[in-house]
Amino acid sequence: MLAELFAVMAPVLTGAGLGFLWVRLGHDFPVAFVTRLVFNIGTPALVLASLAGAEIDAGSFGRTMLATALVLTAMAGMAFLLARLLGKDWRVLLAPTMYPNTGNMGLPVVLYAFGSAGFAFGITVMVTVSLFQFTLGTLLASRGNPLKSLARTPVVYAILIALGLLLTDTDLPRWLANSVDLISGFTVPLMLITLGVSLASIHARNLGSGIGFSLLRIPVAAGVAWGIGTLLALPPMALAILVLQMSMPVAVFNYLFAQKAGREPQYVASLVFCSTLLSLVYLPILLAILM
């Protein structure tokens with residue numbers, strides 16, 4: 001079991017470690033360019049490559065999306081309680097409580113733990129979280145029009161296309177499937193390297209508060225995900241992946257949104273930093289339970 005867990009975590013640690021060391025050694029890394037590349041090209045290609053050919057029925061896909069949305073809603077309510085306990089403005093804690101790192105950390109862990117069969121469920125959870133994050137998150141950060149932001153998000157169109165292919169049991173043309181598969185290949189490695197770069201670039205303070213927040217959020221998120229997934233009768237693999245994805249550390253994008261909105265970005269940075277460090281301890285335990 002230890003060998004299996006190490007095999008799951010090693011690629012994640014290696015990818016993030018490369019990004020961390022790259023920055024610490026003084027090399028440049030174009031975070032803004034890579035982030036645009038991953039989200040505008042890599043992630044839509046990954047969604048199409050993973051969902052279009054996935055062995056997942058439309059019912060399971062829909063229930064997994066619904067379960068994820070309900071978990072996010074429940075965690076939004078939890079943010080108000082955490083804000084009271086920690087003496088913080090709820091707007092500071094809302095995004096870190098709701099949005100775990102289901103992308104550049106969650107997807108690699110799901111891939112190496114559950115293989116291609118589970119990866120489709122991991123993608124489903126990730127895209128649902130992204131839809132919430134880039135609409136509600138944008139609204140809270142800039143008070144802009146979330147519908148305009150949504151319309152400019154390529155992953156939304158990839159989801160719609162993939163869903164249409166699933167519902168009609170249609171395959172992509174071979175030339176397009178091969179092209180999408182090739183392009184999607186750079187996404188997960190770049191996600192991991194960018195995660196390491198982001199962590200190396202964050203100056204975390206309030207470490208005690210960050211650890212306390214993580215110790216409160218993680219078991220609650222796992223419990224809520226398990227309860228909602230069970231009520232919706234998700235397939236066992238989908239349920240395990242929902243619990244795993246919702247238990248991921250705080251997403252780095254929450255720090256970027258906090259910085260944009262001017263809502264205690266250094267504090268949010270500590271939540272990202274501490275929860276990511278703690279994940280190295282609790283994720284192997286959680287994987288041992290779920291796998």
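1. Of the 291 residues in the chain, 51% are buried, where buried means under 20% relative accessible area, exposed means over 50% and partly exposed lies in between, with a 1.4 Å probe and protein chains only. This is a predicted model, in which local features need pLDDT of at least 70 and side-chain atom pairs count only at pLDDT 80 or more, while totals for chains, interfaces and linings use all residues. Residues are numbered from 1 along each chain as its sequence is written, and side-chain values use heavy atoms, with hydrogens and water left out.

2. The chain has 13 helices and zero strands, helices being DSSP runs of H or I with at least four residues and strands being runs of E with at least two, numbered from the N terminus. Among the contacts in the chain with a separation of 6 or more, 84% are between residues 24 or more positions apart, a contact being heavy atoms within 4.5 Å.

3. Helix H10 (residues 207-231) has 25 residues and should span 36 Å at 1.5 Å a residue, which agrees with its end C-alpha atoms being 36 Å apart; the expected span is 1.5 Å times one less than the number of residues. The buried residues of H10 include Phe213, Arg217, Ile218 and Ile228, and the buried residues of this helix pack against helix H3 (58-86), helix H4 (90-98), helix H11 (236-246) and H13. After H10 comes Ala233, with a positive phi near 55°.

4. Helix H13 (residues 265-290) gives the largest share of the patch, five residues, whereas Leu13 lies in helix H1 (residues 2-24) and counts as partly exposed because its relative accessibility is 41%.

5. Which side chains meet in a salt bridge? Those of Asp89 and Arg91 do, at 2.9 Å from N to O, and the count comes to one salt bridge under the rule that a side-chain nitrogen of Lys or Arg lies within 4 Å of a carboxyl oxygen of Asp or Glu. Asp89 counts as partly exposed because its relative accessibility is 30%, and Arg91 counts as partly exposed at 36%.
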